[in-house]
Amino acid sequence: MSTEPRLAEVAEPEPAQQAAPGTDQAVKETLEDYTLRFAPRSYRRWTPMVVATTALGGIAYMADFSIGAGIGLAHGTGNALLAIAVAAVVIFVTGFPLAYYGARYNIDLDLITRGSGFGYFGSVITSVIFASFTFIFFALEGSIMAQGLKLGLGLPLWLGYLVSTLMVIPLVIYGMTALSKLQVWTTPIWLLLMVGPLVYLVATDPGTVDRFLAYAGTDGDGGINTASVLLGAGVCLSLIAQIGEQIDYLRFMPPKTGANKRSWWTAVVMAGPGWVVLGALKQAIGVFLAVYIIAEVGASAAPEPIQQFKGAFDAMMPSWLVVPLAVVLVVISQIKINVTNAYSGSLAWTNSFTRVTRRYPGRMVFVLVNLGFALALMEADMFSFLNGILGFYSNCAIAWVVTVATDIGINKYVLKLSPHAPEFRRGMLYAVNPVGVVSFVAASGLSIAMYFHALGDTLQPYSPVAAAVIAFVLTPLMAVVTKGRYYLRRTDDGIAEPLLDEDGNPSAVTYECHVCRQQFERPDVAACRTHDAVVCSLCLSTDKVGDHVLPAAV
């Protein structure tokens, strides 16, 4: 570690220039849980297992049951299970480097994307894609909850949509502190209500397993078909962007040390890419319950989780207890995931808006924007055309996640053309890096064209494969062609203190930002262009005239 005095101690800084409008509000609000910025060591007081439990609590959503049921009903159990497995492998492999980077360097997926091939403004497009993921899945979960409220309380669907939207607002106002408590306390109840009926059905009626394995689906004869598997995998792969929500929690991991490395790695793998193991199991359970409901009630109700669990509870409980328990399960699941959807979506929208306009309007503004989009989708009955929405969306999500994962895994560690330490601060990055942007646009554009049959019916099922392969090939190719020159606008941020400590963790040395007068740790600040002082990353983002932004290196 450097023994030179810190920059802020060298000389008394000149009086700070007038902060950009909204800076004070931005500083106060983002210091609750360090939204839009690096999460400092002083805030990260949770153990690895608490962080992991909190992160996994956010995947309690019921959408997996609907997704699995939809694929199983269309293509049969064999094709559905293979599709789920293929998607799970892709999600795990691509999610691992992203989860590691988020946990190791304590930044969210947008900040990772900036320095992993996209540039300071180039990653705005991926922030919008991630925000879209959050309101699409908020709408899906809200629709499922509305179905439960209709069954249990007789509420019309339109009112159920409104209730499911409004009820998360008080919870999402608070950040990691409140969310960690909510997720930890509700997870055991959720697990019991989800697993109990499945175990009972299998134990008391083994024939349900035989019917499940033999189900042929409406579009097939029960045999394995490559096109069916890939179409199903494409729908499942729409969930690939879920890793962004996992990282919103994993960025609060404590520093990795020799003493905690085993629990640290266990937490990162389990709550990072490992989320897909539980997700895949829920999708398979969705197929199982759908087949069971078809035999007991009929196909029309099979894709709806509330009907799936009502049917399962019917087999093991008194009739008066069935509907209340099914509704409780759906409501708990919806709250657990939709507070995360609303929270993560608001971060993504706010991050993009702040960078583009250099003004911070407040995160709650975009909580309401995200909820507005979700409510519109619910009122448009998105549940009835769910697989179409997810199949289309997956092409964009796959292209983005594979591009960033490839940049980390190949360009950073193999080719060494991408800077190893993550960079996200304005002034340090080029506005646009063609490595990630070109790879993403080419991969998503061609795969979407395939999805809409522009290249023929035969290739249509292969659109998710195309998105992944093109992104995986183009990302290192573009890095080689550009020789990595568009990653960093400058390599020196004007501060002598190293970014990382002797263990490779972000340095905990603190500095005072001379614009907002708050203390920030070393990775979140850079030297000021016009003063002998430092400026935090958010004040740099809201600097309208660029007085504080360091110039490009000659």
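Trainee: What makes R517 count as buried, partly exposed or exposed?

Mentor: First, a word on the source: this is a predicted model, where local features need pLDDT of at least 70, side-chain atom pairs count only at pLDDT 80 or more, and totals for chains, interfaces and linings use all residues. Residues are numbered from 1 along each chain as its sequence is written, and side-chain values use heavy atoms, with hydrogens and water left out. Now, buried means under 20% relative accessible area, exposed means over 50%, and partly exposed is in between (1.4 Å probe, protein chains only). R517 has 40% relative accessibility, so it counts as partly exposed. You'll find R517 in the loop between β1 and β2 (519-521).

Trainee: And why is K483 called exposed?

Mentor: Its relative accessible area is 69%, so K483 goes in the exposed group. K483 sits in the loop between α21 (463-482) and β1 (510-512). By the way, helices (H or I, at least four residues) and strands (E, at least two) are DSSP runs, numbered from the N terminus.

Trainee: What is there to notice about phi of K483?

Mentor: Phi of K483 is near 60°, a positive value in a residue other than glycine. Phi of R517 is near 60° too, again positive in a non-glycine residue. Most residues other than glycine have a negative phi.

Trainee: How do you know whether Q242 is buried or exposed?

Mentor: Q242 has 2% relative accessibility, so it counts as buried. Its place is in helix α13 (residues 242-250). N370, in helix α18 (residues 363-379), is buried as well, with a relative accessible area of 2%. Across the protein chain, buried residues make up 59% of the 554 residues.

Trainee: Which residues is N370 in contact with?

Mentor: Contact means heavy atoms within 4.5 Å. Leaving aside neighbours within four places in sequence, the partners of N370 include A131, T134, N341 and W349.

Trainee: Why are α7 and α17 called roughly antiparallel?

Mentor: Two packed helices are described by the angle between their axes and the distance between the axes. Axes are lines fitted to C-alpha atoms, for helices over the stretch in contact, and angles run from 0 to 180 degrees between N-to-C directions. Helix α7 (residues 124-153) and helix α17 (residues 319-357) pack at about 160°, with axes 8 Å apart. That makes α7 roughly antiparallel to α17, because angles under 35 degrees count as roughly parallel, over 145 as roughly antiparallel, 65 to 115 as roughly perpendicular and the rest as oblique.

Trainee: What makes α7 roughly perpendicular to α13?

Mentor: Their axes come within 9 Å and cross at roughly 95°. So α7 is roughly perpendicular to α13. F130, F133 and T134 of α7 make the contact with Q242, G244, E245 and D248 of α13.

Trainee: And how do you know what to call α4 and α16?

Mentor: The axes of helix α4 (residues 63-75) and helix α16 (residues 305-314) come within 9 Å and cross at roughly 90°. They are therefore roughly perpendicular to each other. F65, S66 and A69 of α4 meet P305, Q308 and F309 of α16 there.

Trainee: Which residues have the most contacts inside the largest nonpolar core?

Mentor: They are L98, F137 and W400, in a core of 132 residues. A nonpolar core is a set of buried Ala, Val, Leu, Ile, Met, Phe, Trp, Tyr and Cys residues joined through side-chain atoms within 4.5 Å. A second, separate core of 19 residues includes L36, Y360, C513 and C528.
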